[in-house]
Amino acid sequence: RALAIGPTVLLLDEATSALDIETTLAAEGLIDSWQRGQIDERACVWVSHDTAQSERVAQRTLHIEAGRLQGETS
């Protein structure tokens, strides 16, 4: 639904946490297509506790530990 209004930025907080792996992968693909599908620039900030998901979808990864930003890891 969030993509229907044509945003230029998405903020996703555990967007796929309640989904099975097949649906999670489909959602990741949809968001990737949205981000790369237009000439204009689009951004996505994706909060996830799933390291494997971060590795699949992230171009840049930041970690927060004990309330502090720990820096880029990828």
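A66 sits in the loop that links strand 3 (62-65) to strand 4 (68-72), where helices (H or I, at least four residues) and strands (E, at least two) are DSSP runs numbered from the N terminus. The model is a predicted one, in which local features need pLDDT of at least 70 and side-chain atom pairs count only at pLDDT 80 or more, while totals for chains, interfaces and linings use all residues. Residues are numbered from 1 along each chain as its sequence is written, and side-chain values use heavy atoms, with hydrogens and water left out.

**Positive phi angles**
- Most residues other than glycine have a negative phi.
- Although A66 is not a glycine, its phi is positive, at about 55 degrees, and the residue counts as exposed because its relative accessibility is 83% (buried is under 20% relative accessible area, exposed over 50%, partly exposed in between, with a 1.4 Å probe and protein chains only).
- E14, also a residue other than glycine, has a positive phi near 50 degrees; E14 is placed in the loop between strand 1 (9-13) and helix 1 (21-36), and counts as partly exposed at 23% relative accessibility.

- Apart from neighbours within four places in sequence, I31 is in contact (heavy atoms within 4.5 Å) with L10, L12, C44 and W46.

**Strand 2**
- V47 belongs to strand 2 (residues 43-47) and, at 36% relative accessibility, counts as partly exposed.
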